[in-house]
Number of protein chains: 2
Amino acid sequence: MSDTTIKNMEEFAVVSGISRPTLSKYFNDPESVRQSTKAKIEAALELHAYRPNMYAMNQNRRSTRNIGIIVPFLADPFFAEIARNIENLVINEGYRPILLSSHGDPRQEVENLISLRDIKPAGVLLAPLGRASNIAEVGELCSEFPTVLFDCNIESLNHAFVGHNNTQATDIMVDYLVRTGEPPVYFEMKKPPNPNANKRRLSYINSMERHGLESSIFSVDGESWNFEEIGYSRGKELISSKDITNGTVLFTNDRLAIGFLAAAYEMGLRVGRGNGCALRVAGHDNHPYSRFTCPALTTVSHDYDAISRTSVTRLFDLLENREGGDSTDEQLFPGKLIMRDSA
Amino acid sequence: MSDTTIKNMEEFAVVSGISRPTLSKYFNDPESVRQSTKAKIEAALELHAYRPNMYAMNQNRRSTRNIGIIVPFLADPFFAEIARNIENLVINEGYRPILLSSHGDPRQEVENLISLRDIKPAGVLLAPLGRASNIAEVGELCSEFPTVLFDCNIESLNHAFVGHNNTQATDIMVDYLVRTGEPPVYFEMKKPPNPNANKRRLSYINSMERHGLESSIFSVDGESWNFEEIGYSRGKELISSKDITNGTVLFTNDRLAIGFLAAAYEMGLRVGRGNGCALRVAGHDNHPYSRFTCPALTTVSHDYDAISRTSVTRLFDLLENREGGDSTDEQLFPGKLIMRDSA
DNA sequence: TTTAAAATTTTACGCGCGTAATAAAAATTG
DNA sequence: CAATTTTTATTACGCGCGTAAAATTTTAAA
């Protein structure tokens with residue numbers, strides 16, 4: 001690396017012997033120039049370490065190469081994992097991911113939508129908060145930028161969506177539980193922040209009905225995203241009051257189940273399939289920590305990989321106006337039963 | 001909101017009746033203009049919804065208002081929580097946080113350092129990977145931008161650092177364990193990715209020595225950030241081989257302990273303080289999930305709040321050349337014993 | 001009311017790059 | 001080899017805003 005410090009493309013044009021417009025072309029797409037000039041530029045780049053000014057670039061480009069990614073709650077490893085996947089896919093497409101978390105707060109979500117506009121993203125991947133989302137604002141974003149919703153649909157918007165088939169996933173879990181032991185009662189939050197919970201409840205009811213069974217639902221209080229805490233404290237109450245002492249409990253998501261398992265352990269209630277176990281517990285999501293609960297949690301996994309991959313693919317279809325770029329289509333991927341020790 | 005769409009500050013100057021330079025001043029700092037003009041501007045803003053072009057602003061400003069935040073592993077709720085705290089503090093200072101995760105990968109960390117330069121941050125808050133970090137690159141970043149390291153120091157850089165007092169924290173845990181039961185053996189990874197682990201090991205050895213006790217350390221294999229998996233699988237091996245059957249085990253961090261607890265449960269080893277319990281288990285970090293393990297994990301908490309708050313404060317001290325802005329000072333906050341059921 | 005101080009307006013230039021148009025050079029074709 | 005096509009160079013303008021300097025207006029102080 002030379003000592004002369006290059007401060008703009010003009011200067012780099014001089015030292016590299018390539019004209020500035022050609023350099024501009026190169027930085028926009030290295031393959032758009034002749035191999036020999038590409039080599040010359042890259043040789044000069046080795047010597048002088050110049051990078052174009054991002055702000056000047058994005059000010060003038062028709063489109064930036066930023067992709068906004070918004071998740072509802074990044075402190076949840078579930079979303080952290082998905083975000084990581086998506087980030088990598090976006091980078092591989094030569095774009096720059098901008099990751100924002102709504103921290104479970106609808107106002108923060110709106111803040112994020114606003115702050116996204118500032119970076120003039122080429123496209124947006126948005127996992128909305130759900131029930132609490134400002135639908136009008138989300139809708140505006142969808143019409144301003146190419147956007148793909150994922151994980152949690154806002155159906156009234158009728159917009160491109162990629163997600164988990166909650167109905168089918170709950171279905172196979174209920175089937176499994178009914179087939180292998182006592183039919184499940186259902187544990188959920190009265191006001192679940194995420195509308196997927198509604199689909200899951202309905203699917204539970206329908207599945208039970210199809211098996212000719214009565215459904216039974218515990219709808220517990222709690223509105224925050226502290227699901228473990230809610231599962232734990234409400235679980236303790238229900239165990240104390242003898243409302244839950246045996247049988248099978250299906251939770252609307254793993255995090256509630258994780259909290260409940262802690263409560264059950266503390267109350268001396270043995271969970272699992274073996275004999276000597278008082279009750280079976282099952283979750284939903286295949287949360288990264290569900291492998292390490294006591295006992296390991298039986299659950300239904302999202303097809304993480306397909307969902308993140310398809311979200312990104314569909315976004316780039318939209319960006320490039322490819323055939324796949326249908327902006328109103330909903331695309332669901334089936335869940336997979338993960339049998340572990342808890343049920 | 002009016003129908004006339006404002007596309008730049010010039011146009012907004014016309015409709016608001018304020019000159020462009022004054023508007024520029026306002027958007028840079030709303031308090032820097034007279035109250036009456038501020039009111040006029042904000043009234044016009046209600047009607048016309050104009051936001052200055054971020055790229056044009058940052059191209060010309062001496063300094064952007066971006067603060068880069070890099071954490072080693074965002075899928076770890078521990079860092080997700082810290083990041084969330086720091087983000088909020090940064091926003092409250094009127095800056096824009098840019099959050100990047102190194103995903104446990106040193107190459108990704110270097111990528112992040114490079115990509116940070118593109119956004120010309122006003123300052124950087126960096127929690128390095130540690131052992132695997134490219135020290136030269138981190139050092140360069142520190143000299144290029146006002147930077148505060150947190151969580152994990154790189155001592156050879158001798159740079160501003162805010163973190164957890166691993167020595168003291170391990171100390172109080174060892175004291176507690178020795179005082180209340182069998183003295184602990186220590187469980188760690190042979191090649192811990194994070195150098196804090198070394199401080200903790202040393203502190204364990206010293207504490208034991210001070211108590212006149214022999215230290216005993218299990219250094220297990222595994223290099224990744226899948227700590228739970230490592231704690232689980234190595235734990236199972238050590239329990240099978242009867243190397244760990246009773247007594248007290250102190251883990252270098254909660255995530256290893258969480259994995260181990262799953263192994264112990266699976267192997268029928270009862271953990272806790274009560275009678276009928278084979279062994280006690282303690283962790284370190286007060287990981288968000290440590291409350292929900294079976295049994296709940298006794299651990300040492302970081303002073304999350306002080307660490308994030310002080311990191312941000314010190315960064316802004318640096319930015320504004322205040323007295324507190326000593327760029328070579330290390331600042332540690334003591335840990336706090338969190339007694340739960342596991343030890 | 002006069003005077004000084006503070007805030008705003010006017011004017012003008014620059015930031016670093018995208019990009020269009022035309023001219024020149026290089027590579028490809030037959 | 002000449003004719004054609006492709007690529008690069010030259011020139012020039014614009015993007016939206018920061019910011020400096022001088023002129024003007026507004027406010028505060030005396």
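Figure 1. B:Asn196 is buried, with a relative accessible area of 7%, where buried means under 20% relative accessible area, exposed over 50% and partly exposed in between, for a 1.4 Å probe and protein chains only. The residue lies in helix 9 (residues 196–210) of chain B; helices (H or I, at least four residues) and strands (E, at least two) are DSSP runs, numbered from the N terminus. Leaving aside neighbours within four places in sequence, B:Asn196 is in contact with B:Asp151, B:Cys152 and B:Asn166, contact meaning heavy atoms within 4.5 Å. This is a predicted model, in which local features need pLDDT of at least 70 and side-chain atom pairs count only at pLDDT 80 or more, whereas totals for chains, interfaces and linings use all residues. Side-chain values use heavy atoms, with hydrogens and water left out, residues are numbered from 1 along each chain as its sequence is written, and chains are lettered from A and ligands numbered from 1 in the order in which they are written.

**Figure 2. Chain A as a whole.** Chain A has 12 helices and 12 strands, and its C-alpha trace spans about 80 × 40 × 35 Å along the principal axes. Of the 343 residues in chain A, 56% are buried. Among the contacts in chain A with a separation of 6 or more, 70% are between residues 24 or more positions apart.

**Figure 3. The largest nonpolar core and A:Phe187.** A nonpolar core is a set of buried Ala, Val, Leu, Ile, Met, Phe, Trp, Tyr and Cys residues joined through side-chain atoms within 4.5 Å. The largest such core holds 108 residues, and the members that touch the most others are A:Phe187 and B:Phe187. When neighbours within four places in sequence are set aside, the residues in contact with A:Phe187 include A:Phe218, A:Val220, A:Leu238, A:Ile244, A:Val249, A:Leu250, A:Phe251, A:Leu256 and A:Phe260, and A:Arg234, A:Gly235 and A:Thr252 are also among them. A second, separate core of 34 residues includes A:Ile119 and A:Leu149 together with B:Met54 and B:Phe161. In soluble globular proteins, nonpolar side chains tend to be buried together.

**Figure 4. Helix 8 against helix 9 in chain A.** Helix 8 (residues 166–180) of chain A packs on helix 9 (residues 196–210) of chain A at an angle of about 40°, with the axes 8 Å apart; axes are lines fitted to C-alpha atoms, for helices over the stretch in contact, and angles run from 0 to 180 degrees between N-to-C directions. The two helices are therefore oblique to each other, since angles under 35 degrees count as roughly parallel, over 145 as roughly antiparallel, 65 to 115 as roughly perpendicular and the rest as oblique. From helix 8 of chain A, A:Asn166, A:Thr167, A:Thr170, A:Asp171, A:Val174, A:Asp175 and A:Val178 meet A:Asn196, A:Lys199, A:Arg200, A:Ser203, A:Tyr204, A:Ser207, A:Met208 and A:Arg210 in helix 9 of chain A. By class, this contact has four nonpolar, six polar and five charged residues, where Ala, Val, Leu, Ile, Met, Phe, Trp, Tyr, Cys and Pro count as nonpolar, Asp, Glu, Lys and Arg as charged, and the others, Gly among them, as polar.

**Figure 5. Helix 5 against helix 12 in chain B.** The axes of helix 5 (residues 77–92) of chain B and helix 12 (residues 304–319) of chain B come within 9 Å and cross at roughly 45°, which makes helix 5 of chain B oblique to helix 12 of chain B. Their crossing is right-handed. B:Phe78, B:Glu81, B:Ile82, B:Asn85, B:Ile86, B:Leu89 and B:Val90 in helix 5 of chain B meet B:Tyr304, B:Ser308, B:Arg309 and B:Val312 in helix 12 of chain B, and the contact has seven nonpolar, two polar and two charged residues.

**Figure 6. Backbone details in the loops.** Most residues other than glycine have a negative phi, and most peptide bonds are trans. A cis peptide bond joins A:Cys294 and A:Pro295, with omega about -5°, and A:Pro295 is found in the loop between strand 9 (279–282) and strand 10 (299–301) of chain A. In chain B the peptide bond from B:Cys294 to B:Pro295 is cis, with omega near -5°. A:Asn158, which is not a glycine, has a positive phi of about 55° and is found in the loop between strand 4 (147–150) and strand 5 (161–164) of chain A. B:Lys120 has a positive phi near 45°, lies in the loop between helix 6 (106–118) and strand 3 (123–126) of chain B, and counts as partly exposed at 38% relative accessibility.

Technical notes. Left-handed = near helix turned anticlockwise from the far one by under 90°.
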